[in-house]
Amino acid sequence: QIQLVESGGGLVQAGGSLRLSCVASGLTFSRYAMGWFRQAPGKERAFVARISWSGSSTLYADSVKGRFTISRDGAKNTVYLQMNSLKPEDTAVYYCAAPESVSGWRVSDMDYWGKGTLVTVSS
């Protein structure tokens, strides 16, 4: 069974940093592009960042560009999200996800999801 498990969430002050991890199992990790999404209280789940299967291509939402960095480690079957200069509006449950075939990076384009990890940024 394909499983994605996030970790690394927690409570941080505005301006601080946090690194999220997502460990994948049950799939050939190197063949899948991976992405991060987030869902803030009362809002819809939204795209944050993605990385290609090779790791050579990355893309970020405008709201996190310049502050967040996505990366992957094939030997550990893990994708990371390094978050710097955190703002209270970054508070959300963060999810990692993967599509069977890359067509787009909307929520509906994803086939596999983790259960999420909560990030809370205090002001």
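**View 1. Phe 37, Phe 47, Tyr 95, Trp 105 and Trp 113 are linked into a cluster by ring pairs.** Rings of Phe, Tyr and Trp (its six-membered ring) pair if their centres lie within 6.5 Å; planes under 30 degrees apart count as stacked, over 60 as edge-to-face and the rest as tilted. The model is predicted: local features need pLDDT of at least 70, side-chain atom pairs count only at pLDDT 80 or more, and totals for chains, interfaces and linings use all residues. Residues are numbered from 1 along each chain as its sequence is written, and side-chain values use heavy atoms, with hydrogens and water left out.

**View 2. Phe 37 and Phe 47 form an edge-to-face pair.** The ring centres are 5.8 Å apart, with 80 degrees between the planes. Phe 37 lies in strand 4 and Phe 47 in strand 5, so the pair ties together parts 10 residues apart in sequence. Strands are DSSP runs (E, at least two residues), numbered from the N terminus. Phe 37 is buried, at 0% relative accessible area; buried means under 20%, exposed over 50% and partly exposed in between (1.4 Å probe, protein chains only).

**View 3. The rings of Tyr 95 and Trp 113 are edge-to-face.** Their centres lie 6.3 Å apart and their planes are at 90 degrees. Tyr 95 is buried at 12% relative accessibility, whereas Trp 113 is partly exposed at 27%.

**View 4. Arg 45 lies over the face of Tyr 95 and over the face of Trp 113.** The distance from the ring centre is 3.7 Å for Tyr 95 and 4.8 Å for Trp 113. A charge sits over a ring if NZ of Lys or CZ of Arg is within 6 Å of the ring centre and within 35 degrees of the ring normal.

Methods. Helix = DSSP H or I, 4+ residues; strand = E, 2+ residues; numbered from the N terminus.
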